[in-house]
Amino acid sequence: MADTPAARPVRPISIVRHPIYSMLLPVPVVCFIGVLLTDLAYVNSEGNLVWLDFSGWLLFAGLAFGVVAAIVLLIDTIRSPAIRTSAGWPHLLFFYAALLIELFSMFVHQRDGWTAVAGLGLTLSMVGGALIMIAAWLHRPALEVVP
């Protein structure tokens with residue numbers, strides 16, 4: 001008896017059996033944690049603007065890869081019931097919340113000098129860094145591996 005299409009497990013979008021989302025997720029995680037570190041370096045460097053530039057570049061790279069990862073994650077979540085488990089939805093929500101916070105942080109970081117980081121910019125970096133770390137911790141690559 002052949003498997004019916006509804007009974008077969010759905011694999012996530014992958015390249016050579018490696019899930020694309022699992023390959024993309026580390027980039028925004030590292031970039032958003034890097035933004036927090038460069039913001040702290042800026043505050044402690046008495047206003048050295050190179051740290052502000054680093055934060056902007058890391059925000060852009062993290063958001064660019066994060067948007068691609070978010071699209072792949074959404075498609076995988078819609079296609080696969082295995083991903084829509086108790087850990088799947090919180091991961092999706094925390095990841096999307098981190099992207100939204102970091103997008104707002106990018107707009108704040110476009111301001112000039114000290115006002116871009118001190119206060120709201122640093123707070124958004126901390127919140128975004130915490131959210132992305134929670135999302136990464138909730139990510140379960142074992143759910144994505146389907147033979």
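**Helix packing in a predicted model**

Me: How many residues does the protein have, and what share of them count as buried?
Reply: Keep in mind that this is a predicted model. The protein has 147 residues. Of these, the share that count as buried is 40%.

Me: Which share of the contacts with a separation of 6 or more comes from residues 24 or more positions apart?
Reply: Here we're counting contacts in the protein with a separation of 6 or more. Residues 24 or more positions apart account for a share of 72%.

Me: How much of the accessible surface belongs to carbon and sulfur atoms?
Reply: The accessible surface of the protein totals about 8,200 Å². The part belonging to carbon and sulfur atoms is 75%.

Me: Are H3 and H4 roughly parallel or roughly antiparallel to each other?
Reply: Take H3 as residues 49-79 and H4 as residues 88-109; their axes lie 9 Å apart, at an angle of about 150°. Angles over 145 degrees fall in the antiparallel class. So H3 and H4 are roughly antiparallel.

Me: Is the crossing of H3 and H4 left-handed or right-handed, and how many nonpolar residues does the contact have?
Reply: The crossing of H3 and H4 is left-handed. By class, their contact has 1 charged residue and 6 polar ones, and the nonpolar count is 17.

Me: And how do H4 and H6 run, roughly parallel or roughly antiparallel?
Reply: H6 covers residues 120-138, and H4 packs against H6 with the axes 8 Å apart at an angle of about 160°. The cut-off for the antiparallel class is over 145 degrees. H4 and H6 are therefore roughly antiparallel.

Me: How many nonpolar residues are in the contact of H4 with H6?
Reply: H4 brings residues including Phe94, Phe95, Ala98 and Ile101, while H6 brings among others Leu124, Val127, Leu131 and Ile132. By class, the contact of H4 with H6 has 7 polar and 1 charged, and the nonpolar number is 16.

Me: Is Pro28 buried or exposed?
Reply: Pro28 sits in helix H2, residues 26-44. Its relative accessibility is 0%, and the buried class takes values under 20%. So Pro28 counts as buried.

Me: How far apart in space are Pro28 and Ala98, C-alpha to C-alpha?
Reply: Leaving aside neighbours within four places in sequence, Pro28 is in contact with Gly62, Phe65, Gly66, Phe95 and Ile132. Ala98 is 70 residues from Pro28 in sequence, and C-alpha to C-alpha the two are apart in space by 9.5 Å.

Terms used: Residues are numbered from 1 along each chain as its sequence is written. This is a predicted model: local features need pLDDT of at least 70, side-chain atom pairs count only at pLDDT 80 or more; totals for chains, interfaces and linings use all residues. Side-chain values use heavy atoms; hydrogens and water are left out. Buried means under 20% relative accessible area, exposed over 50%, partly exposed in between (1.4 Å probe, protein chains only). Contact means heavy atoms within 4.5 Å. Accessible areas come from the Shrake-Rupley method with a 1.4 Å probe; for residues, only the protein chains shown count as cover. Axes are lines fitted to C-alpha atoms, for helices over the stretch in contact, and angles run from 0 to 180 degrees between N-to-C directions. Helices (H or I, at least four residues) and strands (E, at least two) are DSSP runs, numbered from the N terminus. Angles under 35 degrees count as roughly parallel, over 145 as roughly antiparallel, 65 to 115 as roughly perpendicular and the rest as oblique. A crossing is left-handed if the near helix is turned anticlockwise from the far one by less than a right angle, and right-handed if clockwise. Ala, Val, Leu, Ile, Met, Phe, Trp, Tyr, Cys and Pro count as nonpolar, Asp, Glu, Lys and Arg as charged, and the others, Gly among them, as polar.
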